[in-house]
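The sequence and coordinates are shown first.

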Number of protein chains: 2
Amino acid sequence: MLDLQKSSRNTPTPHIRRTPFPGPLTKHQCLSRLRHPKFLIINPWFRRNLALHYRARRGRVQVFRINVSGAKIVDSASEDDDAGNRDIRLPNHTKQVSHIAVDIGGTLAKVVFFNRAPEDGLGGRLNFTKFETDDIEDCIAFLKQLVDSRREQQQQPRNTGTGKKTRGGRGSAGQDEMCVMATGGGAYLFYDRLKSELGCEIVREDEMECLISGLDFFITEIPDEVFTYSEENPMAFEEPREDIYPYLLVNIGSGVSMIKVSGPGANEFERIGGSSLGGGTLWGLLSLLTGAKSFDDMLEMSQKGDNTAVDMLVGDIYGTDYGRIGLKSTTIASTFGKVFKKNMSASNGTGKPEFKPEDISKSLLFAISNNIGQIAYLQATKHDIHNIYFGGSFIRGHTATMNTLSYAIRFWSQGSKRAYFLRHEGYLGAVGAFLRHQPRNWGRRKSFGEDGGQRIFQATRKE
Amino acid sequence: MLDLQKSSRNTPTPHIRRTPFPGPLTKHQCLSRLRHPKFLIINPWFRRNLALHYRARRGRVQVFRINVSGAKIVDSASEDDDAGNRDIRLPNHTKQVSHIAVDIGGTLAKVVFFNRAPEDGLGGRLNFTKFETDDIEDCIAFLKQLVDSRREQQQQPRNTGTGKKTRGGRGSAGQDEMCVMATGGGAYLFYDRLKSELGCEIVREDEMECLISGLDFFITEIPDEVFTYSEENPMAFEEPREDIYPYLLVNIGSGVSMIKVSGPGANEFERIGGSSLGGGTLWGLLSLLTGAKSFDDMLEMSQKGDNTAVDMLVGDIYGTDYGRIGLKSTTIASTFGKVFKKNMSASNGTGKPEFKPEDISKSLLFAISNNIGQIAYLQATKHDIHNIYFGGSFIRGHTATMNTLSYAIRFWSQGSKRAYFLRHEGYLGAVGAFLRHQPRNWGRRKSFGEDGGQRIFQATRKE
């Protein structure tokens with residue numbers, strides 16, 4: 001039972017971005033995106049001269065290594081570009097990467113792919129986009145466009161950078177068979193469909209391993225990606241670092257998974273717990289209880305709400321603080337604790353009580369976040385872990401959510417544990433799958449190497 | 001994420017009582033109860049010749065000790081008598097007890113009082129009844145009737161058991177000033193009202209201390225009170241025992257409190273945590289989402305529900321088990337995880353989707369219970385405690401709730417911790433307050449003594 005008033009209600013909510021997050025692409029948005037002028041501006045090299053340096057032919061596999069020197073998150077000028085979807089510029093990765101990665105969860109499908117910069121640019125970019133899993137046909141259509149355009153590029157002459165033009169087709173040096181790395185439950189549920197509609201190999205990767213590979217990559221390599229949250233400093237970035245174990249990954253999607261990662265070895269991780277009270281629960285409840293049509297509507301509403309209209313506070317029960325055990329009058333004793341009473345009273349009277357969607361949203365968002373925060377703290381304590389990373393599409397860069405999770409960890413651990421967040425929080429699994437494209441015996445996670453003075457990230461398994 | 005299917009869905013729910021639990025007394029029920037013939041049958045000595053052995057006059061206070069030899073829960077013949085409200089027969093407690101105890105929580109107010117047996121009977125009984133806190137005027141009216149009838153008895157001649165008749169009025173040996181022991185937040189919130197309307201002293205006691213006193217009493221003294229739950233043996237009673245520390249008390253009312261009790265000393269307990277997701281949350285959500293008018297309606301509905309209509313299972317995401325980490329296809333990945341999708345699909349179509357109240361009730365009851373079970377397990381692990389007692393008015397003897405809590409503790413602790421339940425689960429605080437009627441410097445909890453071969457329970461504080 002934390003003090004929501006203390007943690008977030010009486011202080012103005014800081015804004016860490018300029019534009020509201022859009023939801024996942026709708027069917028129309030998705031299908032029009034590739035044709036839309038804006039998409040061409042953001043990704044001007046899309047459908048263009050893609051060099052194919054990556055080889056994955058049977059029996060002749062080159063390990064996928066990504067050059068992360070100078071990696072930087074791109075500040076998008078686009079008004080409706082979700083901060084969590086922002087590209088990552090990799091100015092020194094010159095090899096083309098033909099494979100695409102998709103992480104299909106219970107609610108959202110996340111796609112990650114690499115595009116080289118246009119001929120006059122340097123390196124390339126990692127691109128991020130997402131779909132609702134219910135609109136899986138849109139997602140598959142998007143993947144198919146990517147696959148087809150890459151195949152098409154393989155047939156076109158390309159500039160090798162040496163002034164010579166060559167073709168990227170089969171048999172050439174740039175040749176690559178397209179492949180889609182797939183993880184999440186949907187990699188199994190939709191496997192046959194992906195395979196038949198995309199017409200290329202679908203390589204399935206374990207969900208937990210992908211989450212960890214993705215998180216390792218973000219923590220160790222990408223500047224301005226990992227941050228801590230506080231009201232005073234809502235986005236205090238952490239420098240990329242190598243000494244990262246042990247940590248607890250709390251991945252909040254439809255449900256919640258908690259994974260203890262104790263080292264880089266193949267067996268040095270364990271799913272130690274989870275909760276069925278996650279994003280799916282909140283979205284489900286709020287879609288029934290409010291008129292919101294998207295999760296972002298709900299998040300926006302919750303910022304205007306007053307949870308004390310529905311929650312029962314210690315002060316509602318005691319009329320004052322319960323000082324003996326340190327519970328303030330503003331502490332929430334029971335989420336939704338006033339609703340039953342008000343509802344019954346109103347039913348006995350003339351009509352239904354009016355509960356504002358804003359108040360309901362604020363109450364339930366806080367309750368679910370706080371509950372996850374408490375369980376994460378307890379699991380971290382049990383396993384003697386101090387660093388807790390929150391990933392998954394539930395957070396969406398929403399300040400109140402991060403504030404609640406941060407506050408819960410600080411409150412319960414008395415400051416001994418830290419909550420970390422990521423700008424690409426929803427893409428851990430997809431990025432992990434993307435990075436794991438390698439021979440079967442290669443591994444789970446990172447190893448560093450220097451390649452001509454360049455910093456290289458490569459997902460390897462230390463046996 | 002536990003497997004609800006495994007834990008309760010595929011096996012028939014055993015019935016451990018013959019009649020459904022009624023809710024708290026309505027205004028009408030409450031006011032008519034004292035006049036109702038049934039009440040007179042159950043409590044034939046009510047309003048009658050009450051001997052007043054207990055002295056609480058200023059400056060001359062006798063410590064309250066209760067003779068628990070032969071204590072036994074009374075099997076009620078009444079069809080609508082809540083098992084949790086059943087009287088406890090104390091055949092060897094011959095002294096009258098005039099004080100009454102009330103525990104006023106956020107949702108329910110619980111009353112405990114003692115009545116001597118009729119003149120031809122032995123000892124007396126502890127009586128239990130409850131009201132909705134919103135109907136506090138009914139509760140106060142009930143208390144006032146008790147107070148008045150006791151005062152009235154003090155003026156009437158009574159049989160001392162020695163053949164002599166005496167009066168219980170002021171100045172006599174049986175004399176006692178009426179007093180109401182009050183705990184819970186309402187003891188503070190309604191203090192002035194209780195004092196003015198009842199016209200007697202209101203002694204306020206700390207809520208946590210009362211819960212512990214009450215639980216200690218039930219564990220150590222009352223046969224057939226504490227039990228473990230399993231589907232094979234839904235009510236396996238524990239023998240009363242003295243070696244009870246340490247234990248974790250999880251009290252589930254509107255909210256949840258978790259109290260670690262490490263010994264009988266005054267400072268040997270601590271509120272180590274809690275959750276705002278408790279009974280109030282479930283009642284609030286279900287009163288909005290279903291047509292249920294009482295919590296017992298909701299419990300009954302939940303027994304007929306199929307949560308898979310609203311919950312997202314691992315199988316819904318994977319199409320199969322997620323064997324790598326031991327999650328079966330029937331495991332709930334996300335409570336209410338199907339609702340958002342179905343609701344949005346229906347809104348885009350012709351109308352609202354139909355979610356059955358039964359399915360909603362089953363899903364949310366399981367989710368809240370399972371969440372409490374997980375947090376209780378984690379707290380018990382953190383504090384190295386093996387015995388977990390679940391109290392509070394949330395459980396109400398409902399088999400699915402106990403099954404979920406038991407299963408969660410067994411599952412997470414791999415059988416190393418045990419969940420215990422009580423038949424008077426909702427009355428821990430009220431019984432504790434009742435037993436704590438004693439001089440200020442006397443204390444929190446039990447000590448045993450032998451009094452002429454009789455077993456005596458007395459709430460004392462070991463400094």
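In this predicted model, P246(A) occupies the loop that runs between strand 14 (236–237) and strand 15 (247–252) of chain A. The peptide bond joining Y245(A) to P246(A) is cis, with omega at about -5°. In chain B, P246(B) is placed in the loop between strand 14 (236–237) and strand 15 (247–252), and a cis peptide bond with omega of about -10° joins Y245(B) and P246(B). Most peptide bonds are trans, and most residues other than glycine have a negative phi.

Two residues other than glycine have a positive phi: D384(A), near 55°, and F336(B), near 70°. D384(A) belongs to the loop between helix 12 and strand 20 (387–391) of chain A. F336(B) sits in the loop between strand 19 (332–334) and helix 11 (339–348) of chain B.

**Chain A: overall fold and selected residues**

Chain A contains 14 helices and 23 strands. Of its 463 residues, 63% are classed as buried. When contacts between residues at least 6 apart in sequence are considered, 69% join residues at least 24 apart.

E205(A) is located in the loop between strand 12 (201–204) and helix 7 (207–221) of chain A. Its side chain makes a polar contact of 2.8 Å with the side chain of R436(A). Beyond neighbours within four places in sequence, the contacts of E205(A) are M181(A), A182(A), T183(A), C210(A) and R436(A).

Q154(A) forms part of helix 4 of chain A. Its C-alpha atom is separated by 20 Å from that of N127(A), which is 27 residues away along the chain. Helix 4 (residues 136–155) has 20 residues and, at 1.5 Å a residue, should span 28 Å; its end C-alpha atoms are 29 Å apart, so the two values agree. The buried residues of this helix include I136(A), D138(A), F142(A), R150(A) and Q154(A).

**The interface between chain A and chain B**

The size of an interface is often given as the accessible area lost when the parts come together. Between chain A and chain B, the buried area is about 5,900 Å², with carbon and sulfur atoms giving 62%. On the chain A side, the residues losing the most area to chain B are L288(A), Y318(A) and F340(A), which together account for 11% of what that side buries. In terms of contacts, 74 residues of chain A meet 73 residues of chain B.

Which polar interactions are counted between chain A and chain B? There are 2 salt bridges and 25 residue pairs in polar contact, with both residues at pLDDT 80 or more. One of the salt bridges joins the side chains of K341(A) and D134(B), at 3.4 Å from N to O. Helix 12 (residues 357–382) of chain A contributes the most to the side of chain A that touches chain B, giving 10 residues. That side is made up of 34 nonpolar, 29 polar and 11 charged residues.

Key: Residues numbered from 1 in each chain as written. Chains lettered and ligands numbered in written order. Heavy atoms only, no water. Contact = heavy atoms within 4.5 Å. Buried area = accessible area lost by both parts, 1.4 Å probe. Salt bridge = Lys/Arg side-chain N within 4 Å of Asp/Glu carboxyl O. Polar contact = N/O pair within 3.5 Å; in protein donor to acceptor, adjacent residues only side chain to side chain. Helix = DSSP H or I, 4+ residues; strand = E, 2+ residues; numbered from the N terminus. Nonpolar A, V, L, I, M, F, W, Y, C, P; charged D, E, K, R; others polar. Expected span 1.5 Å × (residues − 1). Buried < 20%, exposed > 50% of the residue type's maximum accessible area, 1.4 Å probe, protein only.
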